[in-house]
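Walk through this model step by step. Keep the sequence and the coordinates side by side.

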Amino acid sequence: MSDSLDQLAQALQQFADAREWGPFHSPKNLASALVVEAGELLEPFQWLTEAQSRALPADTKEAVAMEMADVLLYLVQLGNALDVDLVAAAQRKMVINARKYPVEQARGHATKAEGG
């Protein structure tokens, strides 16, 4: 997967370079754009029940996929701008989370939210 993200990062860099967007792709601007896209990702789910959110119509699912892609693209660009290996960072975070939430303390203790 890391190779795929590296290839995506290279393609994104070439895309931005061809359009001379470099001056606009500061870490702050990329993080801001990522948050905007994450908000757009949430929009199709607004007011849906838990069950409805799991059974999206095909056109809505495609729209969600495109918003997910936008989030990923900005995240990859941000990682590139800050020279962060996203896969390595995610792997480190999973180790931290495993220590923070050990199976023996978490399993069987989760409760379903009211109205979900």
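In which helix is the place of Asn-97? Asn-97 sits in helix 5, which covers residues 86-100. Keep in mind that this is a predicted model. Asn-97 counts as partly exposed, because its relative accessibility is 29%. Now look from Asn-97 to Met-66. These two are 31 residues apart in sequence. In space, their C-alpha atoms are 29 Å apart.

Go back to the start of the chain. Helix 1 spans residues 2-18, and Ala-9 belongs to it. Ala-9 has a relative accessibility of 13%, so it counts as buried. What does Ala-9 touch, once residues up to four places away in sequence are set aside? Its contacts are Val-76 and Asn-80. Ala-110 gives another pair to compare. Ala-9 and Ala-110 are 101 residues apart in sequence, and the C-alpha to C-alpha distance is 37 Å.

Asp-3 is also in helix 1. Its relative accessible area is 57%, so Asp-3 is exposed. Asp-3 takes part in a negative surface patch, together with Asp-6, Asp-83 and Asp-85.

Glu-20 lies between helix 1 and helix 2, the latter covering 27-42. What is the phi of Glu-20 near? The angle is near 60°, a positive value in a residue that is not glycine. Most residues other than glycine have a negative phi. Glu-20 counts as exposed, because its relative accessibility reaches 64%.

Trp-21 is in the loop between helix 1 and helix 2. With a relative accessible area of 35%, Trp-21 is partly exposed. Trp-21 forms a nonpolar surface patch with Phe-15 and Phe-24. Together, Phe-15, Trp-21 and Phe-24 have about 320 Å² of accessible area.

Gly-22 is in the loop between helix 1 and helix 2 as well. Its relative accessibility is 43%, so Gly-22 counts as partly exposed. Select Gly-22 and Ala-81 together. They are 59 residues apart along the chain, and 9.9 Å separates their C-alpha atoms.

Move on to the loop between helix 2 and helix 3, where Trp-47 lies. Trp-47 is not a glycine, yet its phi is positive, at about 75°. Trp-47 counts as exposed, because its relative accessibility is 77%.

Now turn to charge pairing. Side chains of opposite charge can pair when their charged atoms come close. How many salt bridges does the structure hold? The count is one. Arg-54 and Glu-50 form a salt bridge, and their closest N and O atoms are 3.1 Å apart. Why are Arg-54 and Glu-50 separated by about one helical turn? They are four residues apart in helix 3, which runs over residues 50-54, so about one helical turn lies between them. Check the cover on each partner. Arg-54 is exposed, because its relative accessible area is 68%. Glu-50 is partly exposed, because its relative accessible area is 37%. Glu-50 can also be set against Glu-40. These two are 10 residues apart in sequence and 18 Å apart in space, from C-alpha to C-alpha.

Is Glu-67 buried or exposed? Glu-67 is buried, yet it has no salt bridge. Lys-61 is the nearest side chain of opposite charge, and it is 16 Å away. A salt bridge needs the side-chain nitrogen of Lys or Arg within 4 Å of a carboxyl oxygen of Asp or Glu. What is Glu-67 in contact with, leaving aside its neighbours within four places in sequence? Its contacts are Glu-37, Glu-40 and Leu-41.

Definitions and conventions
Residues are numbered from 1 along each chain as its sequence is written. This is a predicted model: local features need pLDDT of at least 70, side-chain atom pairs count only at pLDDT 80 or more; totals for chains, interfaces and linings use all residues. Side-chain values use heavy atoms; hydrogens and water are left out. Helices (H or I, at least four residues) and strands (E, at least two) are DSSP runs, numbered from the N terminus. Buried means under 20% relative accessible area, exposed over 50%, partly exposed in between (1.4 Å probe, protein chains only). Contact means heavy atoms within 4.5 Å. Patches are made of residues with over 30% relative accessible area and no salt bridge: like charges are joined within 9 Å, nonpolar side chains (Val, Leu, Ile, Met, Phe, Trp, Tyr) within 5 Å. Accessible areas come from the Shrake-Rupley method with a 1.4 Å probe; for residues, only the protein chains shown count as cover. Lys and Arg count as positive and Asp and Glu as negative; His and the chain ends are not counted. The place of a charge is taken as NZ of Lys, CZ of Arg, CG of Asp or CD of Glu.
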